[in-house]
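Subject: Structure for your files

Hello,

Here is the structure I said I would pass on. My notes follow below it.

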Amino acid sequence: MVANGVEDAAGKSPDESLPLDSDQMMHSRLGNDLIIKLHILMKVSQIYDQKNVALNQVAQGLLELINHFLKSEGSLALKVIRDGIFINEKRLKVGVDSYIGFKFVLEQLKKKRVGEIRICEILDEKMLKELIYHMMNLSDGDEDNAGKLQDGLNQLGIKSIEVDPLEIFEEDEFFGGHKNPKEAGKRLFFETIGFIKEAVTGIKKNQFIDARKLKRMCQGAVNLMVKDESILLGLTTIKNYDEYTFNHCVNVAIYSLAIGRRLGFSKKTLTELGMTGLLHDIGKAKIPKEIINKPDKLDDDEWRLMKEHPMTGVEMMLKIKQLGEMSPKMAIGVFEHHLNCDLTGYPKPIRKKDLTLFGRIIKIADCYDAMTTPRVYRNKTFRPEQALAIMVREKNGFDPILLKVFIGIVGIYPIGSLVLLDTNEMGVVYETNSDPQYINRPKVILISQSEGRRKIGPAVDLKEMDGENKSYKRGIAKALDPKKYHVNILEHFL
Ligand SMILES: [Fe+2]
Ligand SMILES: [Fe+2]
């Protein structure tokens, strides 16, 4: 239970041990009351229209409180900073009774991107209702909302209310409010899969892709990638058979980001690259499911249709409403993702020109993920090291330097590989070694069997040396097939 009290705007309590003086107590009690009434009015506004009488009593109660603040403190400013609400610069300490209301109001203001509402003169009921209805009707996540709300009120001649946008703190935005990057990674990963699924379903119904949302997700992924690439790379081991297309797009984006990061791309370019990865197969949304999932070989007509997906994808990208969020290199990357470096592959390039960097990166990420994912029409799935070996042998397909960079990222034993160590222990690779010299010495979680029970851990670094003999304590003897050993790799990353 949290006692009622106040804190200053920096979020520090004046002195927790000191009892609150009567002014502070009054401020806090009124603040909690205000939030409770605001919560009710916001809720009711979602059910009834503005003229409904059910609203009057709730609005009156809130109005009395607002006007009380104006009389006693001169003005009323309600401000959101991170996860706190400040009333006239004092952080509201939430009481038990107002907790649900507080959560709701905070969430709504954050969603609507409204950071501060200042009331400088006495309001009447109509003005208050206009404020609430205008605000609740704003679309979620739009950075221009505060301006739109202010304009709406100004047009109605309401000059006593001022609105400011929400201040976004980098880490809140990029980690979705999660302090733990691993949690943030998981959430972002699954949210992005959901977004791609929605986008594909929307395209089938001729809806547009929300490029801004896509960009925000990619910015989140870029920030996580820069912080710790193993988090997102670990999640690519999720090979979801049912949701293949969506899962595949997210994995391609992650691998591409990892390559782009090693190449020293700026955050802006990385975001564009991530968006290209997410959208690379979007053209498949127009191909019937029966063809995409056909277990047998495609006939000529079906194959022709399949080969159209890069070009269809480009056309779809050009139809995106917020075209300003897209760049030509993204569309070219999508166009090129099935072309080889010698320009064989599909679709036929318009000019005999080298593939772009985006195209070459997406191609590597795309092939690797496709080869290592079980598919309905292929009974053989390649283990990571097998897929990499095939790609290296494919002379004209991939950019050899980028492929080397990629192998450096995923390692000879990529994250998620099940390996047998020379100590006869079994383990799952959970972090590759960034130093190319130690490409075959990743970090591994040991898996052992004792008394019929599987024991997970500890985690060991294969770079670790034995002090006496000056040799490595452990090394990888060979990769194992997880299915054969009934190891669910995924459980080590979730
Ligand atoms: Fe494709
Ligand atoms: Fe693909």
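At roughly what angle do the axes of helix α14 and helix α15 cross, and within what distance do they come? The model is a predicted one, and in it the axes of α14 (residues 309-318) and α15 (residues 328-336) cross at roughly 160 degrees and come within 7 Å. Angles over 145 degrees count as roughly antiparallel, so α14 is roughly antiparallel to α15. Their crossing is right-handed. On the α14 side the contact is made by Pro310, Met311, Gly313, Val314, Met317 and Leu318, and on the α15 side by Met330, Ala331, Val334 and Phe335. Sorted by class, this contact has 9 nonpolar residues, 1 polar residue and no charged ones.

The axes of α7 and α10 come within 9 Å and cross at roughly 125 degrees. That angle makes α7 oblique to α10, and the crossing is right-handed. From α7, the residues Phe189, Thr192, Ile193, Ile196, Lys197 and Val200 meet Thr245, Phe246, Asn247, Cys249 and Val250 of α10. The contact of α7 with α10 has 7 nonpolar, 3 polar and 1 charged residues.

Now the strands. Which strands pair with β7 (residues 418-421)? One of them is β8 (residues 426-431), which pairs with β7 in the antiparallel sense over 3 bridges. Here leucine 420 stands opposite methionine 426 of β8. The hairpin of β7 and β8 has 4 residues between the strands, and asparagine 424 in this hairpin takes a positive phi near 75 degrees. Strand β13 (residues 476-480) is also joined to β7, by 4 bridges, and these two strands run antiparallel. In that pairing valine 419 stands opposite alanine 479 of β13.

Last, the confidence of the prediction. The average pLDDT of the chain is 83, and 89% of the residues score at least 70. Residues 1-19 have a pLDDT below 50, and this stretch has 36 contacts in the model beyond near neighbours in sequence. Residues 171-177 also have a pLDDT below 50, with 12 contacts in the model beyond near neighbours in sequence. Where pLDDT is low, the predicted coordinates should not be read in detail.

Regards

How values were computed: Residues are numbered from 1 along each chain as its sequence is written. Chains are lettered from A and ligands numbered from 1 in the order in which they are written. This is a predicted model: local features need pLDDT of at least 70, side-chain atom pairs count only at pLDDT 80 or more; totals for chains, interfaces and linings use all residues. pLDDT is the predictor's confidence in each residue, from 0 to 100. Two residues are in contact if their C-beta atoms, placed from the backbone, lie within 7 Å. Axes are lines fitted to C-alpha atoms, for helices over the stretch in contact, and angles run from 0 to 180 degrees between N-to-C directions. Angles under 35 degrees count as roughly parallel, over 145 as roughly antiparallel, 65 to 115 as roughly perpendicular and the rest as oblique. A crossing is left-handed if the near helix is turned anticlockwise from the far one by less than a right angle, and right-handed if clockwise. Ala, Val, Leu, Ile, Met, Phe, Trp, Tyr, Cys and Pro count as nonpolar, Asp, Glu, Lys and Arg as charged, and the others, Gly among them, as polar. Two strands pair if DSSP finds at least two bridges between them.
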